[in-house]
Amino acid sequence: MTSVPAGSGQQGADDEVEPSVLRRAVAASAIGNATEWFDYGIYAYLTVELTNAFFPGELGYLGTLLGFAISFVLRPLGGFVWGPLGDRIGRQRVLSMTIILMGVATFLIGVIPSYETIGWAAPALLFLLRIIQGFSTGGEYGGAATFMAEYAPDKKRGFWGSFLEFGTLAGFTLAVLVVFLLETAIGEQAMLDYGWRIPFMIALPMAMIGLYIRTKLEDTPVFRELEASGESEQAATGALRDLLVRYWQPILALFGLVIALNVINYTLLTYMPTYLNTTIGMESSAADTLAIVGQVIMMLLVPFAGALSDRIGRKPCWWISLVGIFVLAIPMYMLMAQGLGWAILGFTVLGLIYLLQLGTISATFPSMFPTHVRFAGMAISYNVATAAFGGTAPLVNEAVVEATGDVLFPAYYMMGACVIGMIALYFVIETKGVSIKGRQIPGLAEHQAKLAAKART
């Protein structure tokens, strides 16, 4: 896998973290993630209102989707900045900064004057704030996953880490619920006039709650151990060079996994309401109902996916998910075109299979790197792949469906991403139950021992 010397990732007793501290660490990670995805969710569910406010004209809808995609432009830069910083000054400090930026930027979107008031300055300001959101998210997600993984016990990292994705789904679900209830309360016209601003303003108090919880926690035990040894400063001086020279193989493997993860995620969760409404012709309220039902089911079951990975391993869960979606994507999309009930069934089937990826992110991705480059390795690789293939997924899907008239293109797109994910997964080391402390790649010693044993037989 790499020329790095074998590490000391041993299975065995964990350094126990008090249950109350562990629960607060989980909450600190999850609420920040929920805020991030609430921000993205409300943008996705308010495309009609945002188009009306900022992008008048025939190409207005594509302008709104471009606004979604453009927030990913600076995610890689955010990863390059926040990642090494998190490996130098700590995960907790960086996460406190990113959640402030994210919450303030989202709030400000809710107070931008419309195009009718200030002309092209309105979409320009929207794009600027979306870029700031992307820059902060470049550190938020990788940092939260690292924070969660380093606090979790080795043998239950999958279970506890899954609550980060519980936050993802909770943020999405809260977004659609807020939009749905608000529109029901004030009506469609009021929603177009001013109501769309309210959900964006809600993000700020959510971020402040997350900030309060994060500032009350110490940094992770794994990082504190590295810091106490004096190796965090040493690691920071050449972190990027060390990362790119010595750990390029896990970077590429993670890149491939993230392509699969995010193409499926943004096609299935973010683009789905728009797809059902504009392509299938389903009423907006029915599409919102589908999103709520499917995501609530996924949210309730995601801890079980994480717990399953603690029993059978991360890689088996990913294999089942990637192969399952590849086989079922076309049948389930055909099923979703038959009406609301069938759409809920098709969406839920794909969502449940996808959970085996989603529920194991915090256990799988941070464990691919040693402690001193973990934040940077995950933040950079994750965000470059997400910017290229995740945030662009709704725009690509919509553009190809409009150009070709093929309503099954989202299924083909997910299938192609699954193939890339399968290739990457082959090169990933299994880390179930393995310690992620120290400067060596977790699980590498065990992996090399298994290969040696096979060679002898």
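Which residues of helix α11 (residues 221-228) are buried? They are Val222, Phe223 and Leu226, where buried means under 20% relative accessible area, exposed means over 50%, and partly exposed lies in between (1.4 Å probe, protein chains only). These residues sit on the same side of α11 because they cover an arc of only 95 degrees around the axis; the arc is that of the directions from the helix axis to the C-beta atoms.

This is a predicted model, in which local features need pLDDT of at least 70 and side-chain atom pairs count only at pLDDT 80 or more, while totals for chains, interfaces and linings use all residues. Residues are numbered from 1 along each chain as its sequence is written, and side-chain values use heavy atoms, with hydrogens and water left out.

**Overall fold**

- The protein chain has 23 helices and 0 strands; helices (H or I, at least four residues) and strands (E, at least two) are DSSP runs, numbered from the N terminus.
- A compact globule of 457 residues would have a radius of gyration near 23 Å, and the 21 Å of the protein chain agrees with that. The radius is taken over C-alpha atoms, and the globule rule is 2.2 Å times the number of residues to the power 0.38.
- Along the principal axes, the C-alpha atoms of the protein chain fill a box of roughly 65 × 45 × 40 Å.
- Of the 457 residues in the protein chain, 59% are buried.
- Among contacts (heavy atoms within 4.5 Å) between residues at least 6 apart in sequence, 86% join residues at least 24 apart.
- The protein chain exposes about 16,900 Å², of which carbon and sulfur atoms supply 67%. Accessible areas come from the Shrake-Rupley method with a 1.4 Å probe; for residues, only the protein chains shown count as cover.

**Helix α17 and the cysteines**

- Helix α17 (residues 314-336) has a kink of about 50 degrees at Leu328, shortly before the proline Pro331. The bend at a residue is the angle between axes fitted to the seven residues ending there and the seven starting there.
- The buried residues of α17 include Arg314, Lys315, Cys317, Trp318 and Tyr333.
- The structure holds 0 disulfides, a disulfide being a pair of cysteine sulfur atoms within 2.5 Å.
- The sulfur of Cys317 has its closest cysteine sulfur in Cys418, 15 Å away, so the two are too far apart for a bond.
- Cys317 is buried at a relative accessible area of 0%, and Cys418 is buried with a value of 0%.

**Buried asparagines**

- Asn383 lies in helix α20 (residues 371-390) and is buried, with a relative accessible area of 0%.
- Leaving aside neighbours within four places in sequence, Asn383 is in contact with Arg75, Pro76, Gly79, Thr137, Gly138 and Met378.
- Asn397 belongs to helix α21 (residues 393-404) and counts as buried at 0% relative accessibility.
- Not counting residues up to four places away in sequence, Asn397 touches Thr267, Tyr271, Phe409, Pro410 and Tyr413.
- Asn397 and Tyr275 are 122 residues apart along the chain, and their C-alpha atoms are separated by 8.7 Å.

**Ile198**

- Ile198 is in helix α10 (residues 197-215) and is partly exposed, with a relative accessible area of 34%.
- From C-alpha to C-alpha, Ile198 and Val111 are 9.2 Å apart in space, and they are 87 residues apart in sequence.
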